[in-house]
Amino acid sequence: MNKQPWHRSEKFLLLLCFFAPPIGYIVVVVNKKKLSREQWLSNLTGGTIIMSIWLLKFLPHQSGTIILLTGAGIYWYHRIVKKFKK
């Protein structure tokens with residue numbers, strides 16, 4: 001098993017994305033070649049979700065809530081449809 005430096009560990013990247021979304025997102029994108037595909041996709045997905053939630057605070061008050069609830073509704077709709085297709 002290959003040991004990675006602390007600054008490329010899964011927990012550190014997710015914490016960086018959580019506390020400083022723009023910086024964490026840039027770090028994940030820049031380290032694409034140094035991470036495995038699964039780890040990179042996992043970090044990119046988490047970074048994208050956290051970054052989008054962080055960007056909602058710059059919208060007018062009601063717009064952010066509406067977008068967040070719409071996104072959650074779409075997510076749950078797709079999950080229910082996927083469950084019934086099985």
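Contact here means heavy atoms within 4.5 Å. Keep that in mind for each stop. The model is predicted.

**Start with confidence**

Colour the chain by pLDDT. The mean for the protein chain is 83, and 97% of its residues reach 70 or more. Confidence is lowest in α1, at a mean of 84. It is highest in α2, at 88.

**Stop 1: H7**

Select H7. You are in the segment before α1. Leaving aside neighbours within four places in sequence, H7 touches F12 and L13. Next, draw a line from the C-alpha atom of H7 to that of V27. The two residues are 20 apart along the chain, and the line spans 9.7 Å.

**Stop 2: L13 and the core**

Move on to L13. Skip residues up to four places away in sequence, and L13 touches H7, R8, V27, V28, L35 and N43. L13 also belongs to the largest nonpolar core. Which residues make up this core? Select six: L13, C17, V28, L35, W40 and L44. The elements giving two or more residues to this core are α1, residues 10-19, and α3, residues 37-55. In soluble globular proteins, nonpolar side chains tend to be buried together.

**Stop 3: where α1 meets α2**

Two packed helices are described by the angle between their axes and the distance between the axes. The axes of α1 and α2 come within 5 Å and cross at roughly 145°. This crossing is left-handed. Now colour the residues that meet. From α1, pick L13, L16, C17, F18 and F19. From α2, pick P21, I23, G24, Y25, V27 and V28. By class, this contact has ten nonpolar residues, one polar and no charged ones.

**Stop 4: G24**

Stay in α2, which covers residues 21-30, and select G24. How much relative accessible area does G24 have? The value is 0%, so G24 is buried, as anything under 20% would be. Leaving aside neighbours within four places in sequence, G24 is in contact with L16 and C17. Then find G47. The C-alpha atoms of G24 and G47 are separated by 7.0 Å, although the two residues are 23 apart along the chain.

**Stop 5: N43**

Finish in helix α3, at N43. Is N43 buried or exposed? N43 is buried, because its relative accessible area is 0%, and the cut-off for buried is under 20%. What does N43 touch, beyond neighbours within four places in sequence? Select E10, L13, L14, V28 and L35. Among them, L13, V28 and L35 are also residues of the largest nonpolar core.

Key. Residues are numbered from 1 along each chain as its sequence is written. This is a predicted model: local features need pLDDT of at least 70, side-chain atom pairs count only at pLDDT 80 or more; totals for chains, interfaces and linings use all residues. Side-chain values use heavy atoms; hydrogens and water are left out. A nonpolar core is a set of buried Ala, Val, Leu, Ile, Met, Phe, Trp, Tyr and Cys residues joined through side-chain atoms within 4.5 Å. Buried means under 20% relative accessible area, exposed over 50%, partly exposed in between (1.4 Å probe, protein chains only). Helices (H or I, at least four residues) and strands (E, at least two) are DSSP runs, numbered from the N terminus. Axes are lines fitted to C-alpha atoms, for helices over the stretch in contact, and angles run from 0 to 180 degrees between N-to-C directions. A crossing is left-handed if the near helix is turned anticlockwise from the far one by less than a right angle, and right-handed if clockwise. Ala, Val, Leu, Ile, Met, Phe, Trp, Tyr, Cys and Pro count as nonpolar, Asp, Glu, Lys and Arg as charged, and the others, Gly among them, as polar. pLDDT is the predictor's confidence in each residue, from 0 to 100.
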